[in-house]
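Dear colleague,

Please find the structure below, followed by a short account of what was found in it.

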Amino acid sequence: ELDSFNMSYGGIDTVQQNVVATLPGVAATNDLIVVMAHYDTRRDDVTDGTSRSPGADDNGSGVALLLESARLLSSQQWHQTVVFVAMASEEQGTFGARNFVKQLVLTGANVLLTVNYDTVGGRLGIPQSVRMFAPELNRSPHGAIGRYYDFMGEFYLPTFPVNIIDATDREGRWGDQREFVQAGLPALRITESVEDPDLLNSVTDVWDLIDYGYLQKVTRLNVAVVANAAGAPAIPPIPVVAPMADPGSFILSWAVDPAASGYIISLRPESAGDYAPFRFVSSGQAGNVVLTGYDPGVTYQMSLASLDENGRVSLFSPEIPVNWSN
């Protein structure tokens, strides 16, 4: 069952009325995966306290995804702790998220992955894809988890692509993920492929316009990403990397996790926004691995992910720059 979240945050945040619940992980760590969506809604006029503001797409759709994801994921135990948060006061300036991030920092939580679902209900006729906002794509922890999210999406929902945008959010706009980004915590925003500006903070943002098949796909995407990140073995340590005598050849050394059945090795050219083809090794071959055939004139960003016996893929270790001349 879905338990109340009681790691000093409480089930209800009494300052901003964020609604928080958790699936406790079996690992005895302070690592967290955060899935969030804001539940507040308003009209264009922020002083209008009487007019209807149904907020179906923005952001009843995100809260529906949050609840269904929590229901599905609560049927099993997970390695990592997963936190589900319905944020307050996003429309007023992300005050609910700001308060929640302060609590995370004060309690020493280690946030591995944050995904904000905001306006994900879709409408009939829009492209069957989502937009992901990940700032500093090539060199930040936001870009790293963005690549992971995109990779898992391609694997589980290949006909529902993720379009990555190198930005915190849309120009002149915001979402709750910005509070995590500003605090240096890895965070993404997922939103529908095409927005209708006429629906923004409008009385016309009603459930009749939602494409429930589209919303179902976004929910499946979230469940696939979170189930892998939470269910796989621990994130591998950063390996020791050394160039070999042959140009473009490297040797990698790291401590092998007994719970891992294998590892994914990523060497991404640092100018590339997405992953290059991976190398895979079984746990029996892991620990000391020689890689050959790389361009000695290119600097690569190297990272590792672990696999369990069911093929679940962990988040990748922090990237480190490697090149043959080093």
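**Findings**

In β12, valine 281 is the bridge partner of tyrosine 263. Helices (H or I, at least four residues) and strands (E, at least two) are DSSP runs, numbered from the N terminus. The model is predicted: local features need pLDDT of at least 70, side-chain atom pairs count only at pLDDT 80 or more, and totals for chains, interfaces and linings use all residues. Residues are numbered from 1 along each chain as its sequence is written, and side-chain values use heavy atoms, with hydrogens and water left out.

Strand β11 (residues 262-269) runs antiparallel to β12, and four bridges join them; two strands pair if DSSP finds at least two bridges between them. Both belong to an open sheet of four antiparallel strands in the order β12-β11-β14-β15. At its edges lie β12 (279-282) and β15 (320-322), each of which pairs on one side only.

Most residues other than glycine have a negative phi, and most peptide bonds are trans. Aspartate 58 and asparagine 59 are joined by a cis peptide bond, with omega about 10 degrees; asparagine 59 lies in helix α1 (residues 56-73).

Threonine 94, which is not a glycine, has a positive phi of about 55 degrees. Threonine 94 sits in the loop between β4 (81-87) and α2 (95-107). Its relative accessibility is 0%, so threonine 94 counts as buried (under 20% relative accessible area, 1.4 Å probe, protein chains only; exposed is over 50%, partly exposed in between).

Asparagine 201 also has a positive phi, near 50 degrees, and is found in the loop between β8 (188-192) and α5 (212-231). Asparagine 201 is buried, with a relative accessible area of 9%.

Yours sincerely
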